[in-house]
Amino acid sequence: MTDREILKLYREGGRQEAFRLLVQNYKERLYWHIRRMVLDHDDADDCLQNTFVKAWTSLDRFRGDAQLYTWLYRIATNEALTFLSRQQTRGGRLELDAASRLSSDPWFDGDQLQATLHRVIAKLPPKQKAVFLLRYFEEMPYEQIAQVLETSEGALKASYHHAYEKVKAWMKEEMDVKY
Amino acid sequence: MNEPIDDLLSRRSDAEQPFRVPEGYFDALEDRVMARIAMEEAPETGRSRVWTVIKPALALAATFALIFGMGYGVLSLTQTLKRGNGTPEAPGYATTVEEWITPASLINYYEMDAQPVEEEIDEETLVNYLASELSFTQLAEIYAQANLK
């Protein structure tokens with residue numbers, strides 16, 4: 001079922017059924033996006049559920065001037081960013097701890113290269129990390145990232161370029177790779 | 001590892017998802033989300049609903065009471081200060097205190113305060129007081145200790 005059909009069903013009174021379909025359509029994409037941001041499965045699960053609860057409470061006000069897809073990504077990204085900033089306020093640099101624990105995480109079975117990549121990405125400032133993840137892993141067009149993060153495309157391109165250069169430099173440091 | 005970093009990054013090394021989820025996690029997700037939404041939308045219990053309604057009214061009343069109390073206090077203080085501005089008709093507070101407290105009155109106060117307590121409390125009052133304040137066991141202990149001495 002398309003987003004348009006889901007929204008139609010929702011507005012015609014089938015709210016629960018429509019929302020269930022929405023969750024079904026987006027659960028995996030949003031989960032993986034959040035998971036790359038927060039790294040830990042339980043934290044990702046919390047953020048994902050909060051995302052859907054917020055979507056449910058504000059779907060009435062969704063005017064349709066953005067795509068449902070970018071609107072949901074915006075809620076999910078904000079939820080993950082809020083989680084990360086709360087973690088930093090509480091214990092300081094906890095997401096780095098989560099990154100350093102990746103190798104022993106039972107829900108991570110990537111190789112050394114993948115673990116290193118996620119460890120260095122975790123060092124990026126949260127919003128730059130969101131830009132990098134949406135562009136690098138999801139290959140989302142800048143136009144859509146701009147809608148998700150409510151930023152200009154120009155600023156996003158510069159942010160992504162800086163993030164990419166940082167990740168490259170940190171990877172080089174960590175892996176001692178020769179150019 | 002001698003492969004250029006650019007090559008490594010351009011392969012999007014994460015194309016194969018390195019993260020895993022518990023088995024069946026996604027299958028049960030809709031149900032869990034809908035259950036949580038239902039729980040958050042469940043009507044509050046009678047008591048908590050009444051408290052939710054009353055709480056802001058009580059907070060408002062308490063704020064008014066506090067403001068009134070503070071205002072009354074400030075007004076009383078202002079009146080006292082106005083009255084005590086040192087004119088002959090209304091002697092200042094400092095003058096009044098100086099007149100009231102003289103060396104003789106201080107000595108009297110000390111002597112009055114220093115009178116032995118025993119003279120002011122008769123035996124019957126003391127017994128009644130102990131009987132009302134202490135248990136029989138406590139009284140027996142005190143009696144035993146006094147006899148031991």
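Select chain B and show its surface: the accessible area of this chain comes to about 12500 Å², and 63% of that belongs to carbon and sulfur atoms. Keep in mind throughout that this is a predicted model. Chain B has 149 residues, of which 12% count as buried.

What elements does chain B contain? There are eight helices and zero strands. Read from the N terminus on, the elements run α-α-α-α-α-α-α-α.

**The contact between the chains**

Show chain A next to chain B. Select the residues in contact: 43 residues come from chain A and 31 residues from chain B. Between them the two chains bury about 3800 Å², with 62% of this area on carbon and sulfur atoms. Eleven residue pairs are in polar contact between chain A and chain B. On the side of chain A that touches chain B, at least two residues each come from helix 2, helix 3 (41-58), helix 6 (112-121), helix 7 and helix 9 (153-175) of chain A. Which helix gives the most to this side of chain A? Helix 2 of chain A does, with eleven residues. Colour the side of chain A that touches chain B by class, and you have 21 nonpolar, eight polar and 14 charged residues.

**Salt bridges across the interface**

Four salt bridges are found across the interface of chain A and chain B. The idea behind such a pair is simple: side chains of opposite charge can pair when their charged atoms come close.

Select Lys27(A) and Glu30(B). Their side chains form a salt bridge, with N and O 2.9 Å apart. This pair crosses between chains: Lys27(A) sits in helix 2 (residues 15-38) of chain A, and Glu30(B) in helix 2 (residues 29-41) of chain B. Are these two residues buried or exposed? Lys27(A) is buried, at 9% relative accessible area. Glu30(B) is buried too, with a relative accessibility of 7%.

Next select Asp109(A) and Arg20(B). They form another salt bridge, and their closest N and O atoms are 3.0 Å apart.

**Pro18(B)**

Stay in chain B and select Pro18(B), in the loop between helix 1 (5-10) and helix 2 of chain B. Its relative accessible area is 1%, so Pro18(B) is buried. To see what surrounds this residue, show its contacts, leaving aside neighbours within four places in sequence: Trp107(A), Phe108(A), Asp109(A), Gly110(A), Gln114(A) and His118(A).

**Salt bridges within a chain**

A search of the whole structure finds eleven salt bridges over all chains. Two further examples follow, one in each chain.

In chain B, select Glu40(B) and Arg36(B). Their side chains meet in a salt bridge, N to O 3.2 Å. Both residues lie in helix 2 of chain B, four residues apart, which is about one turn of the helix. An α-helix has 3.6 residues a turn, so residues three or four places apart point the same way. Glu40(B) is partly exposed at 46% relative accessible area, and Arg36(B) is partly exposed at 23%.

In chain A, select Arg36(A) and Glu138(A). The closest N and O atoms of this salt bridge are 3.6 Å apart. The pair links distant parts of the chain, 102 residues apart: Arg36(A) is in helix 2 of chain A, and Glu138(A) is in the loop between helix 7 (126-136) and helix 8 (142-149) of chain A. Arg36(A) counts as buried at 10% relative accessibility, while Glu138(A) counts as partly exposed at 21%.

**Helix 7 of chain A**

Select helix 7 of chain A. Why is this helix described as largely enclosed by the rest of the structure? Eight of its eleven residues are buried. Among the buried residues are Gln128(A), Lys129(A), Phe132(A) and Tyr136(A).

Finish at Met1(A), in the segment before helix 1 (3-11) of chain A. Met1(A) is exposed, with a relative accessible area of 54%. Even so, Met1(A) has contacts beyond its neighbours within four places in sequence: Ile6(A), Leu9(A), Leu21(A) and Asn25(A). Draw a distance from Met1(A) to Leu21(A): these residues are 20 apart along the chain, and their C-alpha atoms are separated by 7.8 Å.

Conventions. Residues are numbered from 1 along each chain as its sequence is written. Chains are lettered from A and ligands numbered from 1 in the order in which they are written. This is a predicted model: local features need pLDDT of at least 70, side-chain atom pairs count only at pLDDT 80 or more; totals for chains, interfaces and linings use all residues. Side-chain values use heavy atoms; hydrogens and water are left out. Buried means under 20% relative accessible area, exposed over 50%, partly exposed in between (1.4 Å probe, protein chains only). Contact means heavy atoms within 4.5 Å. Buried area is the accessible area (1.4 Å probe) that two parts lose on being put together, summed over both. A polar contact is a pair of N or O atoms within 3.5 Å; within protein, one must be able to donate a hydrogen and the other to accept it, and residues adjacent in sequence count only if both atoms are side-chain atoms. Ala, Val, Leu, Ile, Met, Phe, Trp, Tyr, Cys and Pro count as nonpolar, Asp, Glu, Lys and Arg as charged, and the others, Gly among them, as polar. Accessible areas come from the Shrake-Rupley method with a 1.4 Å probe; for residues, only the protein chains shown count as cover.
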